[in-house]
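Look over the sequence and the model, then read on.

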Amino acid sequence: MATPRNNGSIIIAGGGIAGLSAAIALARENETVRLVERGETFPVDGAGIQLGANATRILREWGVLDRLLTQAVRAEGIGIGDGLTGEALAQVPLGDYAEQRFGAPYLLVHRADLHNALLDAATTYPAIQITTGAEVTDFDQFEEEIVVKTSKSAMRGRALIAADGIWSNLRSKIDQNAQAAFTSKTAWRTLIDPAALPDELQGPWTGLWMAGNAHLVHYPVQAGKAVNLVAVIEERWFARKSWSEEADPATLLPVFERWHPRVADIVAAGKDWRKWSLYDLPPLQRATRGTALLIGDAAHPIQPFLAQGGVLAIEDAAVLARMLTRYRDDTREAFIRFENERIARTARMRYESRRMGNIYHMRGLSRRARNFALRRRSAEALLSRFDWIYGFDALAFPKG
Ligand SMILES: Cc1cc2nc3c(=O)[nH]c(=O)nc-3n(C[C@H](O)[C@H](O)[C@H](O)COP(=O)(O)OP(=O)(O)OC[C@H]3O[C@@H](n4cnc5c(N)ncnc54)[C@H](O)[C@@H]3O)c2cc1C
């Protein structure tokens, strides 16, 4: 391991997927990092996360993939079906086929396993100092340094990376117009025993079932020992800033009453549901101010319909490390370049995720037209639509 550069630490607010990824990516480029997490312990609950090749190739480069593989499931494909009829409509091929195309695997993991793998990797770097139980509340910028205020103390550093998640309190200090809004959709999650799935749905597959008012996603996590269920429904709810509200299935189950029993029974197998509200945030006018920068959900929370929220956070970290290395002596310039590089991709991801959500919840004739189109699409056509997502190589940034 090379000697860390001694030109002032980079302070990271938030120890989620974005914050830990950034810490690793920066330490690999010989930066010294101080990561500050609000929780006394790291919040590691949550549901499954799907990691496309655009994330796993970065994790492999960082040496995190091997730590994760023991807990992950390598997906063979995504089965797409109609929730009302139970008909299987299409299968997006993953497995070897996609791995050869994109050069890295598609993995199904539990968020806690990903978080733990990143935390394990981060703690191997002496250049990363971690503080828990301290909330970053504000910062003041000066010519030569930034002073970051936390609920415990003030810290001096060279720059601040705000990776404090969708309900970021630092975002308004960088873009004061940013306003996240509740979408009237909630996402419900739980883990079930794999044996609760019908035989033909078991194995290393993601299942996606769609109907006019909701959709259901299921896939194995924890090395296949559990199946992650996520049901997204349209719901008027007093949205809370929480990932883990206890949720009463009496609200959920009626939504699936008219669904085909093959799918409705999967939902009925769920116990101990938790839910969170889905928010939307239009692209920021600015993600950086001087030597402060927003990344991850703090900068671009997206709805989960392309399974790219956590993945974008990992990409951000890889691109950021490249920019700080290229503009080694000018952090402000590095942050502006980072913002310029990321805005188009993250805005497109937001737009396409929302569009997918609308497609999943189509009704009437649109639903029938969607199903017709899906039945006719070849495996190659189904996968190639995602080339722009999984084929993206954040490690190759910037080009030239
Ligand atoms: C407990 C938890 C459970 C989740 N469960 C799911 C899920 O089931 N499904 C899903 O799609 N996404 C879930 N997510 C969100 C998902 O992890 C993110 O969308 C994605 O990984 C981007 O990560 P992020 O690091 O930008 O944000 P997050 O993962 O939200 O991480 C933000 C981190 O910053 C910390 N933090 C917040 N404010 C401050 C502050 N002022 N100072 C210091 N630290 C601060 C938080 O405690 C958290 O650890 C969950 C997030 C959390 C924190």
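**A first residue, then the whole chain**

Glutamate 352 counts as partly exposed, with 18 C-beta neighbours inside 10 Å. The cut-offs are these: buried means 20 or more other C-beta atoms within 10 Å of the residue's own, exposed means 12 or fewer, and partly exposed lies in between, with C-beta atoms placed from the backbone. The structure is a predicted model, in which local features need pLDDT of at least 70 and side-chain atom pairs count only at pLDDT 80 or more, while totals for chains, interfaces and linings use all residues. Residues are numbered from 1 along each chain as its sequence is written.

**Overall fold**

- The protein chain has twelve helices and 20 strands. These are DSSP runs numbered from the N terminus: helices are H or I with at least four residues, strands are E with at least two.
- The radius of gyration is 21 Å, close to the 21 Å that the globule rule gives for 400 residues, so the chain is as compact as a globular protein of that length. The radius is taken over C-alpha atoms, and the rule is 2.2 Å times the number of residues to the power 0.38.
- Along the principal axes, the C-alpha atoms fill a box of roughly 65 × 45 × 35 Å.
- Of the 400 residues, 48% count as buried.
- Among contacts with a separation of 6 or more, 75% join residues 24 or more positions apart. Two residues are in contact if their C-beta atoms, placed from the backbone, lie within 7 Å.

**Domains**

- The domain assignment gives domain 1 (10-72 + 109-179 + 281-396) and domain 2 (181-279). Such bounds come from an automatic or database assignment.
- The centres of domain 1 and domain 2, taken over C-alpha atoms, are 25 Å apart.
- 22 residues of domain 1 are in contact with 20 residues of domain 2.
- On the side of domain 1 that touches domain 2, strand E3 (48-51) and strand E7 (107-110) are the elements that give two or more residues.
- The residues of that side of domain 1 divide into nine nonpolar, nine polar and four charged. Here Ala, Val, Leu, Ile, Met, Phe, Trp, Tyr, Cys and Pro count as nonpolar, Asp, Glu, Lys and Arg as charged, and the others, Gly among them, as polar.

**Ligand shell**

- 32 residues surround the ligand, and the closest are Gly14, Gly16, Gly46, Gly165 and Gly296.
- The shell divides into 13 nonpolar, eleven polar and eight charged residues.
- Glycine 14 sits in the loop between strand E1 (10-13) and H1. Glycine 14 counts as buried, with 28 C-beta neighbours inside 10 Å.
- Leaving out residues up to four places away in sequence, glycine 14 touches Gly19, Glu37, Ala163, Asp164 and Gly165.
- Glycine 14 and alanine 162 are 148 residues apart along the chain, yet their C-alpha atoms are separated by 7.0 Å.

**Helix H7**

- In helix H7 (residues 261-268), the buried residues are Val263, Ala264, Ile266 and Val267.
- Seen down the axis of H7, these buried residues fall within an arc of 150°, so they line one face of the helix. The arc is that of the directions from the helix axis to the C-beta atoms.
- The buried residues of H7 pack against strand E14 (205-211), strand E15 (214-221), strand E16 (226-234) and helix H6 (249-252).

**Positive phi**

- Most residues other than glycine have a negative phi.
- Glutamine 222 is not a glycine, yet has a positive phi of about 50°. Glutamine 222 lies in the loop between E15 and E16, and is partly exposed, with 19 other C-beta atoms within 10 Å.
- Aspartate 272, also not a glycine, has a positive phi of about 50°. Aspartate 272 lies in the loop between H7 and strand E18 (274-280), and counts as exposed with 11 C-beta neighbours inside 10 Å.

- Glutamate 352 is found in helix H9 (residues 331-360). The C-alpha atoms of glutamate 352 and glutamine 303, 49 residues apart along the chain, are separated by 9.5 Å.
- Alanine 396 lies in the segment after helix H12 (387-390) and counts as exposed, with 11 C-beta neighbours inside 10 Å. Alanine 396 and arginine 322 are 74 residues apart in sequence and 8.5 Å apart in space, C-alpha to C-alpha.

Key
Near = placed C-beta within 6 Å.
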